[in-house]
Amino acid sequence: MPSRATIYDVAAEAGVSISTVSLALNNPARVSARTRERVLTAADALGYTPKTEAVVKARKGVGRIGVLAPFTSYPSAARRLNGVLHEAAGRPLEVVVFDQESAARSASPLLASLPLTGQLDGLLVVSLPLEESAAGRLRTQGLPAVLVDVRHPGFDSVHTDDSSGGRLVAEHLAGRGHRDFGFVGERQQSDDRLSPTRQRLSGFRAALTEAGCPLDDTHLRFAEHSLEASAAAAASLLSGGQRPTAIFAADDTLAAGVVRAAQRLGLAVPGDVAVAGFDDSELAEALDLTTVRQPLEESGRAALELLRKRMSGEGAAAVREVALRLELVQRGSA
């Protein structure tokens, strides 16, 4: 019986160091695309999978589901996971979580590295767009996978229409009589993908143009995904000579930063500036924030149901897509 391939074998095959192999598999943004591809090709050729725990628990009759998402970057990812866990409760399923860097913060935003544990029966990829090489590996390995909040040809997915969410906000604000608008979104390191921020901005901008009050490019701000970074970006927007009377932020965390900036400048919300967000998080409820409600938990439940069907071979081989509806939630901030 041939011995199991080791990380030393992969390093020798790829012509790189062991530490480079580790980085390519566990932190792919820290190696070049060319090096990453060499390592992954070598791992595939050798059938390499990283060692699991010294003692692997018996899991006869139990399916192991991986959930890959930027959990430490966005509260919305945790809420999607809650939906997965709720759907998995009482079923012979084990859920394993893999945290991944936010696509917005990566110079290589398309997911190129996959959890090669050799112990997964299915995979949910959440809010991380697939690089073609990663998609190819999933197909080659025959690992059933479902995408959440992203789409890729040949894979089942659960998603919403971010552009239509931006339209909902624009129609609401314009309907309230506003004519001068601003936008605060998350900055991303690469333009290789059309991010949720840019899709929401696209719908917002298009609806405002149709309403006869186009969005001024000087009223756009992009910041790191944090409350303080958003507050700083919004402060520069609200301190200008012709400040907008309504601001749409690409999610509730960024919207909270806009509210903080307004308060620091002595501006009333919504009297001096109306503010709207996206997601309908607990933060939005606490701040009485007008926002777009995403069915986040429902997306997790629907994704796991699709994955279970794919794992069992149930239904047709055709790709299945579940489109979930967005809803404007009107509160006191706008």
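**View 1. P270 lies in the loop between α9 and β9 (274-276).** The model is predicted; local features need pLDDT of at least 70, side-chain atom pairs count only at pLDDT 80 or more, and totals for chains, interfaces and linings use all residues. Residues are numbered from 1 along each chain as its sequence is written, and side-chain values use heavy atoms, with hydrogens and water left out. V269 and P270 are joined by a cis peptide bond, with omega about 10°. Helices (H or I, at least four residues) and strands (E, at least two) are DSSP runs, numbered from the N terminus.

**View 2. D280 sits in the loop between β9 and α10 (282-286).** D280 is not a glycine, yet its phi is positive, about 60°.

**View 3. Helix α8 (residues 227-238) crosses helix α9 (residues 252-264) at roughly 50°.** Their axes come within 7 Å. Axes are lines fitted to C-alpha atoms, for helices over the stretch in contact; angles run from 0 to 180 degrees between N-to-C directions. α8 and α9 are therefore oblique to each other (under 35 degrees counts as roughly parallel, over 145 as roughly antiparallel, 65 to 115 as roughly perpendicular, the rest as oblique). The crossing of α8 past α9 is right-handed (the near helix is turned clockwise from the far one by less than a right angle; anticlockwise is left-handed). From α8, the contact (heavy atoms within 4.5 Å) includes L227, A231 and L238; from α9, it includes L254, V258 and R264. By class, the contact of α8 with α9 has 10 nonpolar, three polar and three charged residues. Ala, Val, Leu, Ile, Met, Phe, Trp, Tyr, Cys and Pro count as nonpolar, Asp, Glu, Lys and Arg as charged, and the others, Gly among them, as polar.

**View 4. Helix α6 (residues 162-175) crosses helix α7 (residues 196-210) at roughly 40°.** The two axes come within 7 Å. α6 and α7 are therefore oblique to each other. α6 passes α7 in a right-handed crossing. Among the contact residues are D162, V169 and L173 in α6, and P196, F204 and E210 in α7. The contact of α6 with α7 divides into eight nonpolar, five polar and four charged residues.

**View 5. One cavity of 30 Å³ or more is found in the structure.** A cavity is a set of points on a 1 Å grid over the protein atoms alone where a 1.4 Å probe fits but cannot get out; lining residues have an atom within 4 Å of a point. The largest cavity holds about 30 Å³ of space. Grid points are joined across faces, edges and corners, and the volume is the space filled by probe spheres set on the points. R80, V148, D149, V158, H159, T160, Q294, S299 and L324 line the largest cavity. This lining has three nonpolar, four polar and two charged residues.

Methods:
On a 1 Å grid over the protein atoms alone, a cavity is a set of points where a 1.4 Å probe fits but cannot get out, and a pocket is an open set with protein on both sides within 12 Å along at least five of seven lines; lining residues have an atom within 4 Å of a point.
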